[in-house]
2 protein chains.
Amino acid sequence: MRAKDNSTDPAMPTLEDVAARAGVSTATVSRSLNTPALVSDTTRERVMAAVRELGYAPNFGARALAARRTNTIGAIIPTMENAIFARGLQAFQEALGRGGVTLLVASSSYDPATEEEQIRTLVARGADALLLIGHDRTPQSYAFLEKRRVPYVVAWVHDPATPRLSIGFDNRAAMRALAQEVLALGHRHLGTITAPRATNDRARERLEGIREAMRGHGLDPDTLLIEEETYSIENGARAFARLMDRVPRPTAVLCGNDVFAAGALMMAHEMGLDVPGDVSVTGFDDIELAGIVRPGLTTVHVPHREMGRRAAQRLLALCAGEAPGESVRLDTVLQWRESLAPPA
Amino acid sequence: MRAKDNSTDPAMPTLEDVAARAGVSTATVSRSLNTPALVSDTTRERVMAAVRELGYAPNFGARALAARRTNTIGAIIPTMENAIFARGLQAFQEALGRGGVTLLVASSSYDPATEEEQIRTLVARGADALLLIGHDRTPQSYAFLEKRRVPYVVAWVHDPATPRLSIGFDNRAAMRALAQEVLALGHRHLGTITAPRATNDRARERLEGIREAMRGHGLDPDTLLIEEETYSIENGARAFARLMDRVPRPTAVLCGNDVFAAGALMMAHEMGLDVPGDVSVTGFDDIELAGIVRPGLTTVHVPHREMGRRAAQRLLALCAGEAPGESVRLDTVLQWRESLAPPA
DNA sequence: TTGTAGGCGTTATCAT
DNA sequence: ATGATAACGCCTACAA
């Protein structure tokens with residue numbers, strides 16, 4: 001064994017340093033840390049003292065390498081820029097923490113190629129399992145997950161048509177229910193602001209929900225006015241302004257989420273339009289923002305916290321070797337506030 | 001060399017697998033990946049093909065272990081629950097990305113003990129450097145950072161009194177400037193909602209800024225009505241309600257940040273109080289929320305993006321071996337909106 | 001330009 | 001209960 005020159009490198013104590021200091025083998029130190037029960041009380045105390053004195057912390061990479069797992073679960077969410085995923089992720093993290101595993105977060109900017117890269121990165125970093133949002137991703141991503149046998153859960157969606165394990169809600173049904181209320185109020189000219197649909201199944205489903213409701217009321221779904229934008233308050237505002245320029249001008253704007261809706265409200269205010277007097281606006285998600293803006297947003301309440309919590313539990317179970325089990329469909333409910341009313 | 005049984009373990013290709021497939025040594029594969037210039041075009045292509053075919057991704061832990069660095073920088077922020085740190089962190093991440101390093105985020109829940117643990121965790125995970133918020137933390141945390149020689153930058157503060165490298169703004173001066181405007185408008189009864197000050201130097205400094213402004217106007221700083229709460233809209237609302245019960249009732253409530261202020265606005269609305277007619281409310285940070293609420297919040301604009309960007313640049317430089325250099329003091333400016341007006 | 005081989009810090013399997 | 005010691009997957013002198 002090479003003599004460690006402690007004088008030049010006091011900075012990074014290793015297992016070996018601790019062992020030397022405690023007068024035991026590295027194996028004993030490792031056991032004291034990981035399986036304390038297998039070590040006698042006296043030696044364990046000696047080891048722990050050495051650990052404290054040296055300020056030792058195990059090297060994560062080395063540990064992962066040797067143990068072949070990390071107690072880490074990764075999550076890739078489309079964006080951190082707004083609060084859409086914040087609450088669910090928070091609950092997810094809390095539940096993971098209770099299970100003794102830490103969370104690694106990455107964001108894909110709603111781009112499948114970026115997401116694919118993030119998946120690889122997180123797996124390379126040792127993530128034992130992954131939380132993914134929605135079903136839309138590259139075939140390569142799925143191939144990679146299968147090949148590496150990485151346990152994963154798809155959240156924020158529930159699509160009976162796919163066999164993949166998912167924990168979420170039926171975006172289409174939720175939006176359809178909202179749209180039905182809008183139509184029941186007497187609105188006949190509808191507009192919507194949606195996220196780019198090409199790579200976002202939630203956005204597609206929500207839009208389809210509106211169309212289904214229109215059909216149900218004998219309306220031609222093709223009369224639905226559509227504006228497509230990436231999620232941001234500002235984009236919501238711009239899209240709303242464009243919608244107000246169309247003829248016939250919609251009397252209700254169903255936004256793909258609360259962030260868009262908040263932007264729509266701002267723009268309405270700026271244009272001197274009264275909501276809901278001149279035009280109704282609805283959101284989706286029921287994030288905190290929805291209750292803060294004036295008028296309050298009528299929106300779809302999504303059980304974000306429960307979704308995060310249950311996804312964590314399932315992932316923890318998967319890591320423990322349990323079978324995937326059934327997908328979970330959570331219920332959404334309409335959250336009525338002031339932004340939706342009958343047309344003038 | 002042991003024969004790898006590929007049939008039972010197709011899941012985790014290693015450097016060796018790639019080497020075998022490409023008919024070269026592991027060293028050549030490693031070089032093709034890390035220093036392509038040192039490998040001939042033809043072999044590199046052969047190697048890359050093998051990499052693709054196998055879906056190989058280098059094992060992060062092993063790489064860190066061997067290379068002794070990770071190209072990863074960690075950030076520990078007090079909370080992810082609201083958007084206070086979102087914009088700065090986003091800019092931080094972008095700048096890091098341009099430098100080819102990835103970001104690892106952890107949150108401390110405003111708790112020094114938790115932060116100390118997170119520091120250890122991130123360093124053990126291989127973070128080459130750390131972004132920390134504010135100066136308040138346990139002596140052990142600082143001791144650990146020194147001992148391990150972990151480069152770090154303290155952001156969100158600029159305190160000339162400390163020699164630590166910081167990139168931020170003068171919280172006290174910023175709040176003092178706001179308070180001076182409030183006082184200049186004629187307000188004489190002030191209230192404030194602050195985060196718990198014991199372990200939060202930003203909160204302490206902001207409060208002290210108000211007191212200094214009061215002294216400057218010949219007011220007794222001890223007449224300042226103080227409510228202490230953890231940051232959340234709801235807590236802001238509650239604290240505001242309590243403030244409105246005090247006598248004399250404050251005519252202006254200076255909130256420790258925009259989140260509190262948004263809560264105050266909600267509660268005012270609920271109580272039938274007009275802002276700024278009956279009572280003025282101010283925020284701090286100028287996050288997106290400040291422009292969305294009605295009335296718009298008069299607040300302190302903090303250059304979050306620039307702060308994040310510059311912190312990233314400095315950290316990158318530190319990792320490259322450059323000297324720490326000087327602390328940076330960024331300027332804040334008052335953002336006038338509608339929530340502040342003279343008292344009735 | 002390419003290959004050989006030692007070592008990075010842990011864990012885990014055997015012995016003892 | 002404890003100690004040797006062989007992996008774990010990669011990087012990097014050093015050699016060729």
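The contact between the two chains takes 33 residues from chain A and 34 residues from chain B, two residues being in contact if their C-beta atoms, placed from the backbone, lie within 7 Å. This is a predicted model, in which local features need pLDDT of at least 70, side-chain atom pairs count only at pLDDT 80 or more, and totals for chains, interfaces and linings use all residues. Residues are numbered from 1 along each chain as its sequence is written, while chains are lettered from A and ligands numbered from 1 in the order in which they are written.

On the side of chain A that touches chain B, α4(A) gives the most, with five residues; helices are DSSP runs of H or I with at least four residues, numbered from the N terminus. By class, that side has 20 nonpolar, five polar and eight charged residues. Of the interface residues of chain A, 100% are also interface residues in chain B, so the copies meet through the same surface.

Chain A can be laid on chain B with an RMSD of 0.2 Å by a turn of 180 degrees and a shift of 0.1 Å along the axis (least squares on the C-alpha atoms of residues with pLDDT of at least 70 in both). The two copies are thus related as by a two-fold rotation axis. In chain A, the C-alpha nearest this axis belongs to A:Gly61, 1.9 Å away.

DNA strand D is surrounded by 27 residues, the closest being A:Ala27, B:Thr14, B:Leu15, B:Ala62 and B:Ala66; a residue is near the strand if its C-beta atom, placed from the backbone, lies within 6 Å of it. Elements giving two or more residues to this surface are α2 (26-34) and α4 (60-67) of chain A together with α2 (26-34) and α4 (60-67) of chain B.

Conventions: Ala, Val, Leu, Ile, Met, Phe, Trp, Tyr, Cys and Pro count as nonpolar, Asp, Glu, Lys and Arg as charged, and the others, Gly among them, as polar.
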